Amino acid sequence: MTRIHDMGGRFGHGPVKPSTLRSPKFEEPWHARALALTLAAGALGRWNQDSSRHSRERLPPNDYARFSYYEKWLAALAELLVQRNIVSKDELSAPESLPQQPLDGNALKGPEVAGALAKIEPTARKTGHQPRFRAGRLVRTRRPSGNMLVSGGHTRLPAYAAGCLGTVVRCHGSHVLPDSNAHFRGEAPEPLYAVSFESSELWGNSNSSSNDEIVLDLWESYLIPTD
Amino acid sequence: MPHDNSEFEHPHNLLPSDPELRVKALETILVRKGLVDPAARDAIIDTYENRIGPQNGARIVAKSWCDDDFRRELLEDATSAANSLGYSGRQGGHVVAVENTPDLHNVVVCTLCSCYPWPLLGVPPAWYKSDAYRSRMVREPRQVLLEFGLEIERGRKVRVWDSTAEIRYLVVPMRPAGTENLGENELAKWVTRDSMVGTGLPACPETA
């Protein structure tokens, strides 16, 4: 059921290598260009944040594992451009053969960048949907954790937290449901909750962190009431 | 239920495999098709290289240490508190501030991708995006924090926030002892990026 990006709890990665710099910028000039291209292309408005994430997650596991962060972005950008009929496969294969065309009316212009990057794109939506769960309520996460609308589709319930008992910490209001929005099936907003899980519930007791807790943001349809 | 088979043909394989050449090819395509303005590309790079960084979050934290009203506002509605100082934007639409206390240490991860509060902390560091951090922080946070040189006492709870939605968490570290005489601007220099992710503590700017 899972894709390779869903890696919470996975063994075998070895130690984390902290950075000694307080504030690193881009490590390579091409990282900055990959970011800029992705954001500029995203500003065309032909896909959303959720479909963009999904396009990275659905890279073949071998590619996902060997690609660095911005390489994933680049590969996913190419996939989205073709999927959304913006660039053809022939064009991808022969960039230098393309003639220069005038700037598209929807393209982000240089002077608009500051405003576009400072703009908030909230995912909160006003709906008539009253939250079903209050803070303090015990809930169980759905199991298995996959997308209920599209087989193998995008979801934000990590496999490690599927079928687990947790406590609602707070409701964040209703937010766009990634499981639907990533597949261009509409925003389908639902109440979103911060749900707290004891470490022992997720990983068992044989763990130095067994008294600690993990909080996840989960949509209402990921949760089952425990009565 | 329809299964999406298009994923088995991968257009990205049509591009050069070297990432530098890959960026160049995509850039050529998008610019020639009139879809990306090179001036917009340069302005985006300039923004993330020079204008947005952990100094933004640091100013918020330092202000919360000095101004109780602001601290309450920050804990109540961090999006609005950050906005009031001029910090907002992409990946910062919904911010929640979580405060460290003598009993509780907060730390943030995104196991599914690498969600990060860009307008407050800038571009995420390599370790935050690493498989090791993403996979291990939820299972053995104390061990991972030790790898950052941070030992959390046994009696103090660790709360790990896995940012699975569009809520971006900002850790508000405890004000260090011995900084009572410092003002907001001086204090901001103590607030490190890592202390706002929860993998570090504020540090004296002369020694950090």
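## Two backbone features in loops of chain A

A:Asn85 lies in the loop that links α4 and α5 of chain A, and although this residue is not a glycine, its phi is positive, at about 55 degrees. These values, like the others in this report, come from a predicted model. As background to both features, most residues other than glycine have a negative phi, and most peptide bonds are trans.

## Layout and domains of chain A

Chain A contains eight helices and five strands, and, read from the N terminus on, its elements follow the order α-α-α-α-α-α-β-β-α-β-α-β-β. The C-alpha trace of chain A spans about 65 × 45 × 35 Å along its principal axes.

The domain assignment divides chain A into domain 1, made of residues 29-95 + 104-118, and domain 2, made of residues 138-225. Between the C-alpha centres of domain 1 of chain A and domain 2 of chain A there are 27 Å, and the contact of these two domains draws on six residues from domain 1 of chain A and five residues from domain 2 of chain A. On the side of domain 1 of chain A that touches domain 2 of chain A, the residues comprise three polar and three charged ones, with no nonpolar residue.

## Helix packing in chain A

Within chain A, α1(A) and α4(A) pack with their axes 9 Å apart and at an angle of about 30 degrees, and the two helices are therefore roughly parallel to each other. The crossing in which α1(A) passes α4(A) is left-handed.

From α1(A), the residues A:His31, A:Ala34, A:Leu35, A:Leu37, A:Thr38 and A:Ala41 take part in this packing, and they meet A:Tyr70, A:Trp73, A:Leu74, A:Leu77 and A:Leu81 of α4(A). Sorted by class, the contact of α1(A) with α4(A) consists of nine nonpolar and two polar residues, and no charged residue is part of it.

## Helix packing in chain B

In chain B, helix α3 (residues 54-66) and helix α4 (residues 68-76) have axes that come within 6 Å and cross at roughly 125 degrees, so α3(B) and α4(B) are oblique to each other. Here, too, the handedness can be given: α3(B) passes α4(B) in a left-handed crossing.

The contact is formed by B:Ile60, B:Lys63 and B:Ser64 on the α3(B) side, and by B:Phe70, B:Arg71 and B:Leu74 on the α4(B) side. By class, the contact of α3(B) with α4(B) has three nonpolar residues, one polar residue and two charged residues.

## The contact of chain A with chain B

The contact of the two chains involves 92 residues from chain A and 83 residues from chain B. On the side of chain A that touches chain B, two or more residues are given by each of α1 (29-42), α2 (49-57), α4 (69-83), α5 (89-93), α6 (113-118), β2 (165-175) and β4 (213-219) of chain A. The largest share of that side, ten residues, belongs to α1(A), the helix that also packs on α4(A) within its own chain. By class, the side of chain A that touches chain B has 49 nonpolar, 20 polar and 23 charged residues.

An open sheet of seven strands, with mixed pairing, takes strands from chain A and chain B in the order β5(A)-β1(A)-β2(A)-β3(A)-β4(A)-β3(B)-β2(B). Its edge strands are β5 (223-225) of chain A and β2 (104-109) of chain B, each of which pairs on one side only. Averaged over the sheet and with direction ignored, neighbouring strands are turned by 35 degrees against each other.

In general, strands of a sheet pair through backbone hydrogen bonds, in either a parallel or an antiparallel manner. Where the chains meet in this sheet, β4(A) and strand β3 (residues 157-162) of chain B run parallel and are joined by four bridges. One position in this pairing is A:Leu216, which stands opposite B:Asp162 in β3(B).

Terms used:
Residues numbered from 1 in each chain as written. Chains lettered and ligands numbered in written order. Predicted model: local features only at pLDDT ≥ 70, side-chain atom pairs only at ≥ 80, totals over all residues. Contact = placed C-beta atoms within 7 Å. Nonpolar A, V, L, I, M, F, W, Y, C, P; charged D, E, K, R; others polar. Pairing = 2+ DSSP bridges. Domains from an automatic or database assignment. Axes fitted to C-alpha atoms, helices over the stretch in contact; angles between N-to-C directions. Parallel < 35°, antiparallel > 145°, perpendicular 65-115°, else oblique. Left-handed = near helix turned anticlockwise from the far one by under 90°.
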